[in-house]
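Reader: Please take a close look at one part for me, the packing inside this protein chain. Keep it brisk.

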Amino acid sequence: HPLTAQSPYSASKIGADKVAESFHLAFGLPVVTVRPFNTYGPRQSARAVIPTIAAQALAGLPVRLGALTPTRDLLFVGDTARGFMAAAAAPARALGQTVNLGTGREISVGDLARKIIAACGVDVPIEHDPARTRPAASEVERLCAANARARDLLGWSPTVTLEDGLAAVVAFVRAHLNRYKPEIYNT
């Protein structure tokens with residue numbers, strides 16, 4: 001997919017990729033550009049959507065979210081780390097290449113919330129919160145990794161299912177619910 005600086009955040013990521021690429025091209029620095037898709041797991045910031053949903057649900061509160069229809073490709077943190085290690089040990093043919101680390105599957109924010117609520121074993125509603133909605137021009141409606149290059153060049157593929165990863169996050173949040181503030185919007 002062509003690079004699109006749809007927000008200042010995405011522009012900064014594109015800029016970093018291009019700086020790394022320039023050092024590879026100009027000086028032969030051994031660079032593999034790794035683009036991990038939405039990484040999640042235990043100990044993730046309370047600002048992230050998955051621990052936010054889990055904390056709200058485990059506290060017995062309605063799950064308050066922005067847009068429910070955007071889709072994301074969610075990658076467990078252990079798989080992300082393995083991908084970076086594979087890139088660090090990459091064969092010469094991978095140098096100068098860009099690889100996506102993702103599962104190749106997408107899930108909507110709404111369906112994700114329902115899975116997390118089920119993993120929490122509670123019955124709470126999902127509510128729309130306009131304060132949590134991104135500006136329309138900056139919202140990315142679909143993110144799904146084409147990960148064939150990571151498989152081919154690095155020998156990498158994800159190993160943790162979404163269900164197993166979410167269970168690990170729910171277990172962590174449940175054990176540390178006192179560290180979260182599910183009643184507020186963490187910005």
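Author: Start with the contacts, meaning heavy atoms within 4.5 Å. Among contacts in the protein chain between residues at least 6 apart in sequence, 86% join residues at least 24 apart. This is a predicted model: local features need pLDDT of at least 70, side-chain atom pairs count only at pLDDT 80 or more, and totals for chains, interfaces and linings use all residues. Numbering runs from 1 along each chain as its sequence is written, and side-chain values use heavy atoms, with hydrogens and water left out.

Next, the elements. The protein chain has six helices and eight strands. These are DSSP runs, numbered from the N terminus: helices are H or I with at least four residues, strands are E with at least two. Their order along the sequence is α-β-β-α-β-β-β-α-β-β-α-β-α-α.

Now the inside. Buried residues make up 38% of the 187 residues; buried means under 20% relative accessible area, exposed over 50%, and partly exposed in between (1.4 Å probe, protein chains only). In soluble globular proteins, nonpolar side chains tend to be buried together. A nonpolar core here is a set of buried Ala, Val, Leu, Ile, Met, Phe, Trp, Tyr and Cys residues joined through side-chain atoms within 4.5 Å. The largest one has 26 residues, and Tyr40, Ile50 and Ile116 have the most contacts inside it. Two or more residues each come from helix H2 (49–58), strand E3 (63–65), strand E5 (74–76), helix H4 (109–120) and helix H6 (162–175).

Look at Ile50. Leaving aside residues up to four places away in sequence, Ile50 touches Tyr40, Gln44, Leu74, Leu112, Ile116, Leu166 and Val169. A second, separate core has 13 residues, including Leu75, Ala86, Ala94 and Leu154.

Two loop residues are worth a look. Arg43 sits in the loop between strand E2 (38–40) and H2. Arg43 counts as exposed because its relative accessibility is 67%. Arg43 is not a glycine, yet its phi is positive, about 75 degrees. Most residues other than glycine have a negative phi.

Asp129 lies in the loop between strand E8 (126–128) and helix H5 (148–154). Its relative accessible area is 9%, so Asp129 is buried. Not counting residues up to four places away in sequence, Asp129 touches Arg64, Leu65 and Gly66.

Last, the outline. Along its principal axes, the C-alpha trace spans about 55 × 35 × 25 Å.
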